[in-house]
Amino acid sequence: MKSFNDRIAVARAISPVSVSDNTAQASEIIDTAGFHGLEFVIATGSIADADATFAVTLTEGDASNLSDGAAVASTNIDGTLAAAGFQFDDDNETRKIGIKELTKRYYRLTITPSNNASAALLSAVAILHSPRKAPTS
């Protein structure tokens with residue numbers, strides 16, 4: 001029997017970062033070749049600003065640099081962008097957002113702050129699942 005560990009691959013999406021302005025934090029472009037599923041997991045640390053919000057978007061495309069990137073259709077998102085977002089009082093929490101069906105090869109997660117003028121700690125990982133060939137390395 002194959003374990004769960006044999007059926008996933010984990011990739012760095014957004015390295016732990018302290019964001020103290022409204023600069024969007026775009027993840028690495030995730031190549032989903034060889035997999036049928038993708039989930040992003042977002043982790044927050046301390047969020048110092050008292051009125052900051054953080055919106056999440058997902059982009060997909062077939063070009064490796066996402067030059068053809070377009071927003072993932074809401075009907076193809078597992079969860080909601082609103083539920084994946086967070087705000088000033090969501091210290092030390094996690095969020096998840098996935099793709100129901102991989103219709104493109106490359107994906108990117110973007111977290112965009114608003115009203116943020118103090119340090120906010122965040123990171124994200126991509127979990128590729130349902131491999132075409134298992135076990136995964």
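1. Start with Thr44. Leaving aside residues up to four places away in sequence, Thr44 touches Phe86, Asp90, Asp91, Asn92, Glu93, Leu121 and Leu122. Contact here means heavy atoms within 4.5 Å. The model is predicted: local features need pLDDT of at least 70, side-chain atom pairs count only at pLDDT 80 or more, and totals for chains, interfaces and linings use all residues. Numbering runs from 1 along each chain as its sequence is written, and side-chain values use heavy atoms, with hydrogens and water left out.

2. Is Thr44 buried or exposed? Thr44 is buried, with a relative accessible area of 10%. The cut-offs are under 20% for buried, over 50% for exposed and partly exposed in between (1.4 Å probe, protein chains only). A polar atom of the Thr44 side chain lies 3.2 Å from the backbone nitrogen of Asn92.

3. Thr44 sits in strand S4. Strands are DSSP runs of E, at least two residues, numbered from the N terminus. Strand S4 (residues 35-47) pairs with strand S11 (residues 120-131) in the antiparallel sense over 10 bridges. Two strands pair if DSSP finds at least two bridges between them. Phe40 has Ala126 in S11 as its bridge partner.

4. Now the sheet. It is open, with 5 strands in the order S1-S11-S4-S9-S7 and antiparallel pairing. Strand S1 (8-19) and strand S7 (77-78) are the edge strands, and each pairs on one side only.

5. Last, the rings. The structure holds 1 aromatic pair. The ring centres of Phe54 and Phe86 are 4.7 Å apart and the planes are at 10°, so the pair is stacked. Rings of Phe, Tyr and Trp (its six-membered ring) pair if their centres lie within 6.5 Å; planes under 30 degrees apart count as stacked, over 60 as edge-to-face and the rest as tilted. Both Phe54 and Phe86 are buried.

Notes:
Helix = DSSP H or I, 4+ residues; strand = E, 2+ residues; numbered from the N terminus. Polar contact = N/O pair within 3.5 Å; in protein donor to acceptor, adjacent residues only side chain to side chain.
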